[in-house]
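Please read them with the sequence and the coordinates open beside you.

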Amino acid sequence: MKSRTQVARFAAATMQDASIPRDQLVRMLAAWLKDTNSTRQSQYLIEDIAKMLAESGYVYATVTVAHPMSSTTQRAVVQYIESQFDNPISVELNQVIAPDIIGGVKIDTPIGSIDATVKRKLIQIIKGVQR
């Protein structure tokens, strides 16, 4: 039986060289999760794949904002993410609109997160006042 790390390594390599269509790869990963009774580990597998892709120069980042980002803001976010890595990388942004964060930005990458949202700052202020 292959370990989750081995499967993640295979998936990351396959995604990079495009040797198997992505939809077929997803079906293969789902079958592995089901066959090994590892469906509860699906999120960990996704994170492992994302980390391995990041190590090889491809970063998929989820950016949560209250309003759609302008192209200037998108470029600034990409530049910020690129600055967090020692080697050149390719960045793909997944923009999520969440009006409840009020403003600011939350960036999630395989290596970490930064939450610079107005909502988080307000929560910190409220917690500080309650002490």
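1. Among contacts in the protein between residues at least 6 apart in sequence, what percentage join residues at least 24 apart? In this model, which is predicted, the share of such contacts that link residues at least 24 apart is 63%.

2. On secondary structure, the protein comes to five helices and four strands, and their order along the sequence reads α-α-α-β-α-β-β-β-α.

3. On overall dimensions, the radius of gyration of the protein is 18 Å, whereas a compact globule of 131 residues would have a value near 14 Å. The C-alpha trace, taken along its principal axes, spans about 55 × 35 × 25 Å, and I would ask that both descriptions be reported together.

4. On burial and surface, 29% of the 131 residues count as buried, while the protein exposes about 8800 Å², of which carbon and sulfur atoms supply 54%.

5. On strand β1, which covers residues 58-65, the strand is mostly covered, with six of its eight residues buried. Strand β1 runs parallel to strand β2 (residues 90-97), and eight bridges join the two; within this pairing, Val 65 stands opposite Ile 97 of β2.

6. On charge, the protein carries 15 positive and 12 negative side chains, and a distance of 7 Å separates the centres of the two sets.

Key:
Residues are numbered from 1 along each chain as its sequence is written. This is a predicted model: local features need pLDDT of at least 70, side-chain atom pairs count only at pLDDT 80 or more; totals for chains, interfaces and linings use all residues. Side-chain values use heavy atoms; hydrogens and water are left out. The radius of gyration is taken over C-alpha atoms; the globule rule is 2.2 Å times the number of residues to the power 0.38. Buried means under 20% relative accessible area, exposed over 50%, partly exposed in between (1.4 Å probe, protein chains only). Contact means heavy atoms within 4.5 Å. Accessible areas come from the Shrake-Rupley method with a 1.4 Å probe; for residues, only the protein chains shown count as cover. Lys and Arg count as positive and Asp and Glu as negative; His and the chain ends are not counted. The place of a charge is taken as NZ of Lys, CZ of Arg, CG of Asp or CD of Glu. Two strands pair if DSSP finds at least two bridges between them.
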